[in-house]
Amino acid sequence: MEPSVGFNTRLDDAFKASKDKDEAAFIGFITAGYPSKADTVELMLAMEAGGTSVIELGVPYTDPQADGATIQLTNQIAIKGGTDSIKDVLGFVKEARSRGLTIPVILMGYYNPFFQYGVDALAADTAAAGGDGFIVVDLPPEEGSTFVNTCAKHKLSYIPLIAPTSTDERIKYLLESASSFVYCVSVTGVTGSRTELPADLTDFIARIRKQTDLPLAVGFGIGNPQQVNQVAEIGDGVVVGSAILNAVDRAGENASPAERAKACKDFISDMVTGAKQKNPANQAKIIGKQPAAEAPENDESRFGEFGGQFIPETLSEAFREIDVEYKKLKVDPEFLAEVARYRKEFVGGPTPLHLAPRLTEFAGGANIWLKREDLAHTGAHKINNAIGQALMAKALGKERIIAETGAGQHGVATATVCAMLGLECIVYMGEVDTERQKLNVFRMNTLGATVIPVKNGQRTLKDAINEAMRDWVTNVRDTHYLIGSAVGPHPFPTIVRDFQSVIGKEIKAEMQEKIGKLPDAVVACVGGGSNAIGAFHPFIKDESVALHGAEAAGFGEDVEEGHCATMSAGTPGVLQGAMTYIIQSKDGQSKQSHSISAGLDYVGVGPEHAWLKSTGRGKYASVTDEQALEGFDWLCKYEGIIPALETSHAVYHAVQIAKTMPKGSNLVINLSGRGDKDMPQIAKIRGVEV
């Protein structure tokens, strides 16, 4: 083996020591702060005593999208127990070093907590505490060059993740940022022990070995000494996580830190018996190298500073396929004609736009016009995007569709389109939302969809998105994630926006036809923001048209965790694949949120809305639950239209804006959905039995 030319002595020495013993390095994972703060340092010392070569210390995060049930739960418990910041995690590392820990420690987690801490400060403080590097699950090279280069400056390793779905070309790109070893994800899926390892694992590792001489560590699904040995014979390191955490749990709920540490040590001592190598293949020839991360020159994934593609490596090829296919389809006359035909013949477009005379008189200012997306098939604008993406999925050869839903309208639209096109449909919906939107759950089931209640986290829209992403990570080869709002990683915000822009284009044409000019303002509600960006986008360059978004203030912006006024009260960060505004703690943990409307109850917002806010082109204000109910009543009373609770926020805000505008000016409200789905909830609020 060639001498090290790397810069992280502890990591290089750990792999060399294992080689000298004819063993694979045993890399153990625990979640910092789990089961309690008092356990972490004891477990780290026990891991070394049991034979661990390298510790991966998990940084707790509210939204660990690529992790299985075990690590999800440990994250939740750690955060609840007070380990919710990088400062806490670095404190564990520093204390462990002071108590004699000698093996390397790598921090493993998701990007937003690292981003909120500050990349320069993070690298400096990690080095000072005695850390050795990072694994960042959702930071691909396209987004990570600054992070990698900053790590290198402080002699910290950045460990890239390579998945079975990574192409040879992409593997070459990923390896540029490696400095000590490479983490090879053994399966397409989330973390967690499995009964057996994949049959093609040897071929996968050999494919990576062709392109690098650095050590290769294999993780995901390893739970017993026999599996450790299988991996040890084809690589240089074995990563075990969920199985260690399960072993700690088996010590018992009332076990002391010492008892848990002993359970951890005993389990690892048994596991490392499998690390001995007899006939190893694919072995490293060098230990350590200098990374060469470069920032991509062309970044079409951004809206100013917002957007991007912060995703687990398993999904990178799927996103590349979607991006390539969509670029073809969006200029394909036949595809566009098919989408337009469905808009006319199936959805019932163009949906009408008409003056609301009595609401106008009530407001006493601008003329108020209503764009009637509530009259679209299935009762909301969501059908526009569902049709476009389902047709795109068929073009990609994906016959299984997954979706997330909050209020249920996107779920109903997706179930409808899948029934029409003969596609399998699975819809993830927060358990809270399944209760308050029972009617839509029944509609989805009736249409042949499988609705899966999500019981993690707050059990609302954000958690449904997390669960859908976990499904996609696991089933990426045959599944398309038909995301319902203009959120998530590139190119989803652009795709959803484009399919929903039919709304704004029709408003333009209809206003020209009715009054011979553009409106003075367009108003729409904003959760993730699909109906609003669809209404706004065609007007962005028309500076005379003001764009107003109404988001949900819930119980009030001043009520902690009692609202989801993302752009009024949020701060920039990375959530579910994109840089955007988030309702979060200073440490990057998503906060709880609340809205009377399931469809607006989201702690983030689409990145294009974040950009419109930052540039001042879009104006956003929040509307409380009580005010939304006023808007609901106004539209019922004055126009004979029962709006969705989401839309009711826009109605209330539009009336306030109209009051400030001169008579004769014109304002359009995008009525994004009808209120049938909300009637049981409103009846309950008002004490009426139905």
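Author: Happy to! This is a predicted model, and we will go through some of its labels one by one.

Reader: Which residues does Ala356 contact, apart from its neighbours within four places in sequence?

Author: They are Ile368, Trp369, Leu370 and Glu639. Contact here means heavy atoms within 4.5 Å. Also, the C-alpha atoms of Ala356 and Val668 are separated by 9.7 Å, although the two residues are 312 apart along the chain.

Reader: What makes the side chains of Asp120 and Lys153 a salt bridge?

Author: The cut-off is a Lys or Arg side-chain nitrogen within 4 Å of a carboxyl oxygen of Asp or Glu. For Asp120 and Lys153 the N to O distance is 3.8 Å, so the pair qualifies. Asp120 belongs to helix H6 (residues 119-129) and Lys153 to helix H7 (residues 141-153), so the bridge ties together parts that are 33 residues apart in sequence.

Reader: Are Asp120 and Lys153 buried or exposed?

Author: Exposed means over 50%, and partly exposed lies between that and the buried cut-off. Asp120, at 47%, is therefore partly exposed, while Lys153, at 58%, is exposed.

Reader: And what makes Arg170 and Glu313 a salt bridge?

Author: Their N to O distance is 2.9 Å, which is within 4 Å, so this pair qualifies too. Arg170 lies in helix H8 (residues 168-175), and Glu313 in the loop between strand E11 (306-307) and helix H13 (316-329), so parts that are 143 residues apart in sequence are tied together. Both Arg170 and Glu313 are buried.

Reader: How many salt bridges does the structure hold?

Author: It holds 45. One of them joins the side chains of Asp236 and Arg209, at 2.8 Å from N to O. Salt bridges that share partners also link Arg343, Lys371, Glu373, Glu506 and Glu510 into one network.

Reader: On to helices. How do you know that the span of H2 is close to the expected one?

Author: H2 has 14 residues, and the expected span is 1.5 Å times one less than the number of residues. Buried residues of H2 include Val41, Leu43 and Met44, and among the elements covering the buried residues of H2 are E1, helix H4 (86-98) and H12.

Reader: What is noted about the phi of Asn282?

Author: Asn282 has a positive phi, about 60°, although it is not a glycine. At 17% relative accessible area Asn282 falls under 20%, so it is buried. Thr378 also has a positive phi, about 80°, and is not a glycine. With 7% relative accessibility, Thr378 is under the cut-off and therefore buried.

Notes: Residues numbered from 1 in each chain as written. Predicted model: local features only at pLDDT ≥ 70, side-chain atom pairs only at ≥ 80, totals over all residues. Heavy atoms only, no water. Buried < 20%, exposed > 50% of the residue type's maximum accessible area, 1.4 Å probe, protein only. Helix = DSSP H or I, 4+ residues; strand = E, 2+ residues; numbered from the N terminus.
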